[in-house]
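Thanks for coming. Please have a look at it first.

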Amino acid sequence: MKAIYLIQIIMLFQLPMIAGGVPDAVRESFRKSFPNASGVKWSQEGANLYEAEFKMNGGEVSALYDKDGTLKETEIEIKATELPAPVIEALKRAAGGRKIREAARIVRAADQSVVYEAAIRKGFRSRDLLFDASGNPIK
């Protein structure tokens, strides 16, 4: 019974995306910011955020917008070897032998600050770690 309720809740949150529920302001802002994007897939993050996942310049990118069309952050997938040296060193300490699955450079639109994300995995467990360019962990 709990599984049925869970499925209903998931469907309820996905319904706006199925019905074209991305606000026009968000779509227009996205088109202006990323005119060369291809393969765009939208999802809703919480009640008021919308994420576009797409390809651009041969890479995987995602952009997060609020309901008014304000860009909140852009995440660009990078190779783990492209992480800054201090981040790589911090990851070696924090990951404890776990394998880096993915890496990304996140630019926060409000202040143009850059954060680096590494998805690590050991066995079937996976988690994301965030660092500033100096290798300091971000919670």
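Six strands, β1 (38–45), β2 (49–56), β3 (59–66), β4 (71–78), β5 (99–108) and β6 (114–122), each supply at least two residues to the lining of the largest pocket. Before I go on, this is a predicted model, where local features need pLDDT of at least 70 and side-chain atom pairs count only at pLDDT 80 or more, while totals for chains, interfaces and linings use all residues. Residues are numbered from 1 along each chain as its sequence is written, and side-chain values use heavy atoms, with hydrogens and water left out.

Now the terms. A pocket is an open set of points on a 1 Å grid over the protein atoms alone, where a 1.4 Å probe fits, with protein on both sides within 12 Å along at least five of seven lines; lining residues have an atom within 4 Å of a point. Strands (E, at least two residues) and helices (H or I, at least four) are DSSP runs, numbered from the N terminus.

The largest pocket has a volume of about 350 Å³, counted as the space filled by probe spheres set on the points, with grid points joined across faces, edges and corners. Of its 18 lining residues, Glu53, Glu60, Ser62, Glu75 and Glu77 are the closest to the centre. Which strand gives the most to the lining? That is β2, with 4 residues.

Next, helix α3, residues 85–95. After the helix comes Gly96, with a positive phi near 55°.

Last, the hairpins. Strands pair if DSSP finds at least two bridges between them. β6 and β7 (residues 125–131) pair in the antiparallel sense over 7 bridges, and Ala119 stands opposite Asp128 in β7. This hairpin has 2 residues between the strands, and Gly123 takes a positive phi near 70°. β7 also pairs with β8 (residues 137–138), again antiparallel, over 2 bridges. Phe131 has Pro137 in β8 as its bridge partner. Here 5 residues sit between the strands, and Gly135 has a positive phi near 90°.
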